[in-house]
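Have the structure open and follow along.

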Amino acid sequence: MTQAIPRTAPDTTRLLKAERRGLRLAIVCRTVAVGAAFLWVGSSWLAFGFYPNPLIFLVLGLFTAVGIAHASVIGTRFDRWWMKYAIYTIDILAICTTFAFLPVIQGEDVPQILAFRAYGIYYLFPLVAMATLSLSPRLVLWAGSVAVAGWFAAFFIAISGMERRLSWSDLTPGATRADYEALFLSADFIGRGNRIEETGFLMIATLILALAVARARRVFLAQVAAQAEREQIAATLGRYVPEAIAKRLIEDPEALTPQERPAVILVMDIAGFTSYSAGRPPTEVIEHLNDFLSGCAEKISRHGGVVIQFTGDGLMAAFGTPIESDRPEREAVAAGNALIGEAQAAGFAIRIGLAAGPVAAGSIGSSDRQAFTVYGDTVNRAARLEAHAKVLGRAVLLDAALAEKLPANQLVAEGPQQLRGLKGPVEVYSLTVP
């Protein structure tokens, strides 16, 4: 095949679809998390006599409603790129607002800072983690940054009305266990250092998750590009080889690396094509030639061969390489007979040269453009046999290496022949045409 396979850009449409599926999955996880929160708060109420603020249920209900609304527009004409950022911002800030303003227990004068100490920042971790399902590192970074900023804002709001604020720095050197307990259990203890530590770890986790998502995207795009390239190769090879052979070529990259293999080379040319094309419109000639060569390529593929190149009004094909075969000789002869039938149907007469032997085959060219080709004495001999068929007036000529693999009743010995460009005479056989 002399036509290079073009490089295919990654199909970003597939990535977009994966992002949308990830967002929907995140909403499912979000809904499950809200349901778990409902169950936890409700069971705490019933089992332990803990009477939470009813507004908590309202907040959880709003979370669910917002998620369902977002899921309903994903992938529709109403979907916008900024919606996912807005949803995560609303979710995170809603949680932070709950910690900043919503009393922990209804009807009790409990400092709001206890919400931070009793529950904590881990309520925000699932939201950042769920952002990874979107395969968007920017969304992960956004969610983590909003979480850190919102948590600090909620913390400062919660402590803004406190007359007295205690932190670890209020412990004196040599403090006793009683001093630690008194500080930690005090309603005025705000744990400023703890807030810094937890937001720091949240930001570190965000950066790690964003890096993981970025790598996942690269792997995804690489796989999509590889799949697209395989599809392009399969589509191109499909013109010349059967689907099973094309798949094997794709699955076995070593099949196209330069190597020497035993094979049979078929060279075909149309007899009297110059006379045929004279006086006919070029478009008519090309169209008819294309139809004929397409049919020839199909016949060769059907018999396990690979069209290496088209040579103007002919072609060269290989049997046994790049795909190994147990019987390339019989396949090549069967293909030759099929080509003669194809030519008769198209109103052409053709000449075919067949030669068997070692063939160097593989991809050659630059890093940007490569072609699969075959070369060696076997290839030259097949080309000379095709040309010599005109001298002997035969449709198919083959060499002795191929003839010894075939039944004698299929052959006619033409004796030693001097082929143009080759040293010494070559034993030549013609093929009886059925």
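What follows is a short tour of one surface patch and a few salt bridges. Keep in mind that this is a predicted model.

Start on the outside. Trp168, Tyr180, Phe184 and Leu185 make up a nonpolar patch on the surface, and together they have about 440 Å² of accessible area. Pick out Tyr180, which sits in helix α7 (residues 177-185). With a relative accessible area of 44%, Tyr180 counts as partly exposed, because that label covers values between 20% and 50%.

Now for the charged pairs. The count comes to 10 salt bridges. One of them joins Glu342 to Lys299, with the closest N and O atoms 2.8 Å apart. This pair links distant parts of the chain: Glu342 is in helix α12 (residues 328-346) and Lys299 is in helix α11 (residues 282-302), 43 residues apart. Are these two buried or exposed? Glu342 is buried, at 19% relative accessible area, and Lys299 also counts as buried, at 18%.

Next, find Glu386 and Arg351, whose side chains meet in a salt bridge at 3.3 Å, N to O. Glu386 lies in helix α13 (residues 377-392) and Arg351 in strand β4 (residues 349-365), so the pair ties together parts 35 residues apart in sequence. Glu386 is buried at 9%, and Arg351 is buried at 14%.

Last stop: Arg394 forms a salt bridge with Glu414, with their closest N and O atoms 2.8 Å apart. Here Arg394 is partly exposed, at 34% relative accessibility, whereas Glu414 is buried, at 16%.

Notes: Residues numbered from 1 in each chain as written. Predicted model: local features only at pLDDT ≥ 70, side-chain atom pairs only at ≥ 80, totals over all residues. Heavy atoms only, no water. Patch = residues over 30% accessible without salt bridge, like charges linked within 9 Å, V, L, I, M, F, W, Y side chains within 5 Å. Areas by Shrake-Rupley, 256 points an atom, 1.4 Å probe, with all protein chains shown as cover. Salt bridge = Lys/Arg side-chain N within 4 Å of Asp/Glu carboxyl O. Helix = DSSP H or I, 4+ residues; strand = E, 2+ residues; numbered from the N terminus. Buried < 20%, exposed > 50% of the residue type's maximum accessible area, 1.4 Å probe, protein only.
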